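Student: I have not seen this structure before. Could we go through what some of the labels rest on?

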Amino acid sequence: MQQGKQGVMVIPQQNQNPIEQLQARFKELESGFKGWLAKQSLPVEAAVVTLTSGAQGAAIGAFMGTLTNDVSSSLPTPPPQAGLNPQAMASFKQAQALAGGPLIQARNFAVMTGVNAGISCVMKRLRGKEDVQSSMVAAFGSGALFSLVSGMGGPNQAANAATSGLFFALVQGGLFKLGQKFSQPPTEDIYYSKTRSMLSNLGLQNYEKNFKKGLLSDNTLPLLNDSALRDVKIPPGPRLLILDHIQRDPEIKERRGFSS
């Protein structure tokens, strides 16, 4: 700490972590890009989202392809005179599509991610929300295009594209619902928000489970007494801190006076 010419105390600026600076700069650029993109027309936004997502998918696919390159190179190419039936040839093409080198996997991943992101963008603009239906439509499109581009399946490409799209849609729908289930907090937590905040402020968050076990929710805070806290096996010291906090908290005191 240094003193300036006019007697003002100047606090030297601490050097910020370079990684934190990079992260902050990246978030700033990302926020600016999203803001610019939201102002564009639907065709422009869909095209940009498709291209950027496809480029990301291509990079991931190329990396994955380097891992499967040895596998694809070990697959023997059947000679033309082998006379394989269409089903056997389709199985061979499927194996090639799944175990291709960097270029093949880059193409496959680019199609899947780009088409999925593009359709999701269009559905969000048209419907004004992101839900399981939009997610499944985008997955169907990406699955169908992936099937056509990679050459997977039997000789009937249209039927195989529809089957692949349906499979992708069902998987994506299940993952979407599963993500929703785990991203939402348990219903009971809604009734313990003030209790959790109080215990956290007192450094007693370990006793939240005691409150829940005794069904001591936010509505019971104005009614708490030493006997109720003792019944849920909270030690004397924490009990005193909790009761003192309840007596001092103006909101809880107001609710206690209203209830009485």
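Tutor: Start with V171, which sits in helix α6, residues 157-183. Bear in mind that the model is predicted.

Student: Why is V171 called partly exposed?

Tutor: The relative accessible area of V171 is 39%. Buried means under 20% and exposed means over 50%. The value for V171 lies in between, so V171 is partly exposed.

Student: What makes V171 part of a nonpolar surface patch?

Tutor: A patch takes residues with over 30% relative accessible area, and nonpolar side chains are joined within 5 Å. The patch is made by F167, V171, L175, L178 and F182, and its area is about 550 Å².

Student: Why is S142 called buried?

Tutor: S142 has a relative accessibility of 2%. The cut-off for buried is under 20%, therefore S142 counts as buried. This serine belongs to helix α5, residues 132-150.

Student: How do you know that S142 has a polar contact with A139?

Tutor: A polar atom of the S142 side chain lies 2.9 Å from the backbone oxygen of A139. The limit for a polar contact is 3.5 Å, and the distance of 2.9 Å is within it.

Student: Which residues does S142 touch, apart from its neighbours within four places in sequence?

Tutor: S142 is in contact with M112, V115, N116 and F168.

Student: What makes a set of residues a nonpolar core?

Tutor: The members must be buried residues of the listed nonpolar types, joined through side-chain atoms within 4.5 Å. In the largest such core there are 15 residues, and M198, F211, L224, L229 and I242 touch the most other members. Helices α7 (193-201), α9 (226-231) and α10 (236-248) each supply at least two of its residues. The most come from α10, which gives 3.

Student: Which residues is L229 in contact with, leaving aside those within four places in sequence?

Tutor: They are F211, L216, L224, I234, R239, I242 and L243. A second, separate core has 5 residues, including L37, A46, V49 and A117.

Student: How many helices and strands does the protein chain have, and how much of the chain is buried?

Tutor: The chain has 11 helices and 2 strands. Of its 260 residues, 28% count as buried. Its accessible surface comes to about 17500 Å², with 61% belonging to carbon and sulfur atoms.

Technical notes:
Residues are numbered from 1 along each chain as its sequence is written. This is a predicted model: local features need pLDDT of at least 70, side-chain atom pairs count only at pLDDT 80 or more; totals for chains, interfaces and linings use all residues. Side-chain values use heavy atoms; hydrogens and water are left out. Buried means under 20% relative accessible area, exposed over 50%, partly exposed in between (1.4 Å probe, protein chains only). Helices (H or I, at least four residues) and strands (E, at least two) are DSSP runs, numbered from the N terminus. Contact means heavy atoms within 4.5 Å. A polar contact is a pair of N or O atoms within 3.5 Å; within protein, one must be able to donate a hydrogen and the other to accept it, and residues adjacent in sequence count only if both atoms are side-chain atoms. Patches are made of residues with over 30% relative accessible area and no salt bridge: like charges are joined within 9 Å, nonpolar side chains (Val, Leu, Ile, Met, Phe, Trp, Tyr) within 5 Å. Accessible areas come from the Shrake-Rupley method with a 1.4 Å probe; for residues, only the protein chains shown count as cover. A salt bridge is a side-chain nitrogen of Lys or Arg within 4 Å of a carboxyl oxygen of Asp or Glu.
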